[in-house]
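Work through these exercises with the structure open beside you. Try each task before you read its solution.

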Amino acid sequence: MADAGRSPLLEIVEGNRSQLLESWVAHQLGSGSGQMRESEIREQSSRFLEEFRSALRSGAGGDAEGPSWQRVKEVLAEVSRTRTAEGFTPSQTAMFVFSIKEPLFRMLRAAVPDGAQLAEEIWKTTVLLDRLGLYTTELYQKTREEVIRRQQLELLELSTPVVELWDGILALPIIGTLDSERTQTVMENLLQRIVDAGAEIAIIDITGVPTVDTLVAQHLIKTISAARLMGADCIISGIRPQIAQTIVHLGLQLDVVSKATMADAFALALKRTGQRIGRSGPAQA
Amino acid sequence: MEQIPILRIGRCLLVTIQVDMHDRLAMALQDDLTEKIVATRARGVLIDISALEVVDSFIGRTLNNIAAMARVLDAQTVVVGMRPAVAITLVELGLSLSGVKTALDVDKGMALISRLIDGSVASADARREG
């Protein structure tokens, strides 16, 4: 029987480490981790076992939340990251930890003859490994959420360019639906550019906005009011026939100069700022 | 007590708000400005708020009121140099200051005021003649 300081689990991980590693790697290779190279699996498994052993030895026992498990979790984080990058599903990632159970339990059975004690050991081990397995799933989710958040940010950045068309004339082509969050970004970008460029007129082009409902109109009005407060006038352009009909049917009051095309709006903006563009004489043959 | 200076430039009064506006200061400005418009027979008021970082609903309303009072005294009010953050806050508060004219900076505001004054003189002349 093992003494108090050294649990059978630690005995196995210390004493039969290479044997455990071998059967674990064989198990993983057999259970559909075929997308990964054996050397990689072996390397990850060996590192996990190493940290697992030192965590067990530091006497943290079954509490997987303790600080001595930090290193183990770091290894798991690494495993989760590489597997996520290679397109593994969360369950495939979690199987990395769960697949150690079978070889480990088989060895425990051989090491602990007493039935009641064996059950106790297996229970403790399984709780510990479940914790670690769930941790990889959590990490997987976190990595995914991070990716989604970054993409959202990039989308926001990409979708709200402010272009300087001419001296004192800005254009803001809006593409996609205008929700509250985007309105905020659009507004901030536009106002900042108005200050930077000293622009008197901003053309808001809504050719790329699929529908204009009361909410979108509300957001447009907000943007226009904010620009007006700063001392810049707005012109709305790119109103498609369908949208013109919707606006009238909904009874929306935009209270702003609107033009059908960006070209018309630009011509108006030039006129208001007292500028002219014309042909430079007869074209050369 | 601190006071906001009101400078006269030609037919205009120039108010540059350099300190944080609190409610009493805003009320004092409203009093001083109306007095000054009458005393100098000014036709335009230019309020530069480019140094203001915070404008709450009270200050916003006071600006609106000042513009309305100036209009009664036949002077045009232009607010210039509002910061983007302030503009967004005011819009979110539902204050679009629809009675106030705005411009990007003092220079553009001056030009706008001269246009407005000349325009109103012209239209008054036209009315008299017509």
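**Exercise 1. Describe the interface of chain B and chain A.**

Step 1. Start with the area. Chain B and chain A bury about 1400 Å² between them, 65% of it on carbon and sulfur atoms. Buried area is the accessible area (1.4 Å probe) that two parts lose on being put together, summed over both.

Step 2. Know your model. This is a predicted model, in which local features need pLDDT of at least 70 and side-chain atom pairs pLDDT 80 or more, while totals for chains, interfaces and linings use all residues. Residues are numbered from 1 along each chain as its sequence is written, chains are lettered from A and ligands numbered from 1 in the order in which they are written, and side-chain values use heavy atoms, without hydrogens and water.

Step 3. Find the main contributors in chain B. Ile88(B), Val91(B) and Leu104(B) lose the most area to chain A, together 38% of what that side buries.

Step 4. Count residues. Chain B gives 17 residues to the contact, and chain A gives 17 residues. Contact means heavy atoms within 4.5 Å.

Step 5. Look for charge pairs. Between chain B and chain A the count is one salt bridge, that is, a side-chain nitrogen of Lys or Arg within 4 Å of a carboxyl oxygen of Asp or Glu. Glu92(B) and Lys222(A) form a salt bridge at 3.1 Å, N to O.

**Exercise 2. Work out how H3(A) and H4(A) pack.**

Step 1. Locate them. H3(A) covers residues 38-57 and H4(A) residues 70-85. Helices (H or I, at least four residues) and strands (E, at least two) are DSSP runs, numbered from the N terminus.

Step 2. Read the geometry. The angle is about 160°, and the axes are 8 Å apart. Axes are lines fitted to C-alpha atoms, for helices over the stretch in contact, and angles run from 0 to 180 degrees between N-to-C directions.

Step 3. Classify. H3(A) and H4(A) are therefore roughly antiparallel. The scale: under 35 degrees is roughly parallel, over 145 roughly antiparallel, 65 to 115 roughly perpendicular, and the rest oblique.

Step 4. Name the residues. H3(A) contributes residues including Ile41(A), Phe48(A) and Phe52(A), and H4(A) residues including Val72(A), Val75(A) and Leu76(A). By class, the contact of H3(A) with H4(A) has eight nonpolar, two polar and five charged residues. Ala, Val, Leu, Ile, Met, Phe, Trp, Tyr, Cys and Pro count as nonpolar, Asp, Glu, Lys and Arg as charged, and the others, Gly among them, as polar.

**Exercise 3. Which helices of chain A cross H6(A) at roughly 140° and at roughly 110°?**

Step 1. Take H2(A), residues 17-30. Its axis comes within 8 Å of that of H6(A), residues 101-111, and crosses at roughly 140°. H2(A) and H6(A) are therefore oblique to each other.

Step 2. Take H1(A), residues 8-15. The axes of H1(A) and H6(A) come within 10 Å and cross at roughly 110°. That makes H1(A) roughly perpendicular to H6(A).

Step 3. List the second contact. Pro8(A), Leu9(A) and Ile12(A) of H1(A) meet Leu104(A), Met107(A), Leu108(A) and Ala111(A) of H6(A). This contact has seven nonpolar, no polar and no charged residues.

**Exercise 4. Find the salt bridge of Glu50(A).**

Step 1. Find the partner. Glu50(A) pairs with Arg17(A) at 3.3 Å, N to O.

Step 2. Glu50(A) lies in H3(A) and Arg17(A) in H2(A), 33 residues apart.
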